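Please work through the exercises below with the sequence and the structure at hand.

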Amino acid sequence: MRILLLTHAFNSLTQRLAAELRQKDHLVSIEFDISNSVTEEAVALFAPDLIVAPYLRRAIPESVWSKQVCLVVHPGVEGDQGPSALDWAVMGQQPQWGVTVLQAEAAMDAGPVWASTTFAMRQASKASVYRHEVTQSATQAVLKAVEQFASTSFVPQSPAHSQWHPLMKQPDRAIDWQADDTATVLRKIRAADGFPGVADTLLGQTCHLFDAWPEATLRGLPGEVIAQRETALCRATTDGAVWIGHVKRVGGIKLPAALAFADELSHLPHIRPVPLPDWWHVSESTWQDIAYEEAGTVGYLHFEFYNGAMSTPQCRRLQQALIWAKQRPTNVLVLMGGHDFWSNGIHLNVIEAASLQKGSAADESWHNINAMNDLALELINTPHQITVAAVGGNTGAGGCFLARAADQVWVREAVMLNPHYKNMGNLYGSEYWTYLLPRRVGMEAAKAIMHNRQPLTASAALETGFSDACVPGDVPAFRQAIQDKALNMALATDIQAQLAIKNKARLQDEAQKPLAAYRAEEMAHMHRNFYGFDPSYHVARHHFVTKSPASWSPRHLALHRELGWKKP
Ligand code: COA
């Protein structure tokens, strides 16, 4: 079938659906929901058999749904209706939730159901549930709905009961710091994360709160900011405290809390800095973005950076942790990344903030990419351990090549990888990709990956040679499988021989062309991207960070807009 994906953005769910539908031999084209007339034009050009809307922020025009079947993905159980489905589910602590694929009609979410699935809810942010459980369930449900549509005998039915839940507004989310305990504060912030956050006042300033974590030991007057650690601030509740990782100030962008409030914090010496003594994992009862664990002769380095974005200081700290971990008596070192993302490369929000604060976004980009490169170099040069990137969450751009800097890349089956840079204003990219990619996939395939700018599923990444293993399961099952694999690797009788082979290969590569030469070539391009006459990267970053709505569908996604496209 010809399937048109109509979507607000090419987010990870849309990427996954496009890949899965293509794997089933459907011809898939993507159109961004820009305006009714643009949607009508896309439908006329592509003449799809079926339209699927994985992620929309407004209704499909009647001129389209009245003429052909449009399937809408609703992140709610059968009969649930309304625009804040997942927010209410997280806020109401539903033990079970689901995804429904229904047919677009005049009333929102009220059409007949083509497929639905359910899942057990996890205590996590809305965005995290969306990236894992919702994406997994939506993929299953859409594939089933497409099958039902193809069978022609299936007649979709309206649910027996339905209930409309209105848009969740800020008063529904408000935190009462004098009355709410830690669990309530966490639930409220998680139900609003990554968008829109909870409107609140912090250090006397109006802002939106995101990225909350429990703190079991620190105490203070309810609502008071009592401590800071690296990028986060700790705020007392009625029965404990929470760490707030990110905030968005009025008129600003979402930033690490300590950076967004840097001025205020410098005037508040009584706020305790609470550094952790070293890199060992402390416990689940505090916030720790970099944490090391060890089992047998395997080390595990976790880095839970919000949205996978890695600022200059975060890269520098991770490099320090890596240097430390490399000195441990282990022979396998696994880089675990975070739960939702492994890494998405340089921190575009922090870079944008540099320009908003009258600094230089070009300079901050330069510092950040150098810090990423130093980190990647540290990983490439690991003589005493076989290194593994255990990619359990999505990863994009420089994050993919940081993973590829490890000896082995093991990817969870449901993960989407975007190992290319050009979507960010034609960025050339660094992180030694010109060394790391061609030696794995060949020069031609490397050029194609960079040029085509398509996401890769974990199985496609394995097929192309980008990765070394595709591991099934949800995050806990993946982590267990990684532990088993890593332990087997560490116990292999030839582990020392493997290390010797790797170190010899590195020396040979270095003799042929030093890593410094690859880096210098890449950075010459990056210098032009950051400081040159073409501002595309700065413009693209600004639009990405401020979430400007798309004004056209890129031609590498919209087949029907390719030059030479012939309507079937
Ligand atoms: N810096 C800062 N924020 C980033 C980021 C980065 N490098 N990459 C992603 N994010 C943020 C997004 O702005 C979004 O923020 P939100 O919490 O306010 O919604 C959040 O992470 C999730 O991103 P989203 O695009 O919704 O995730 P996805 O899984 O659907 O898509 C990517 C993943 C990688 C395709 C997409 O995030 C992307 O293109 N990121 C930019 C990668 C990049 O160009 N890095 C710089 C070059 S190294």
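**Exercise 1: an aromatic cluster**

Phe401 and Tyr421 are both buried, where buried means under 20% relative accessible area, exposed over 50% and partly exposed in between, with a 1.4 Å probe and protein chains only. The model is a predicted one, in which local features need pLDDT of at least 70 and side-chain atom pairs count only at pLDDT 80 or more, while totals for chains, interfaces and linings use all residues. Residues are numbered from 1 along each chain as its sequence is written, and side-chain values use heavy atoms, with hydrogens and water left out.

Task: classify the ring pairs that Phe401 forms with Tyr421 and with Phe466.

Solution. Begin with the criteria: rings of Phe, Tyr and Trp (its six-membered ring) pair if their centres lie within 6.5 Å, and planes under 30 degrees apart count as stacked, over 60 as edge-to-face and the rest as tilted.

Next, the ring centres of Phe401 and Tyr421 are 5.5 Å apart and their planes stand at 15 degrees, so this pair is stacked. Because Phe401 belongs to helix α13 (residues 398-404) and Tyr421 to the loop between β23 (416-418) and α14 (433-436), the pair ties together parts that are 20 residues apart in sequence; helices (H or I, at least four residues) and strands (E, at least two) are DSSP runs, numbered from the N terminus.

Then turn to Phe401 and Phe466, whose pair is edge-to-face, at 6.1 Å centre to centre with 85 degrees between the planes. Since Phe466 lies in the loop between α17 (458-464) and β25 (469-471), this pair ties helix α13 to a part 65 residues apart in sequence. Phe466, like Phe401, is buried.

Finally, Phe401, Tyr421, Tyr428, Trp433 and Phe466 form one aromatic cluster.

**Exercise 2: two packed helices**

Second, the contact (heavy atoms within 4.5 Å) involves residues of α1 including Leu13, Arg16 and Glu20, which meet residues of α5, among them Tyr130, Gln136 and Val142.
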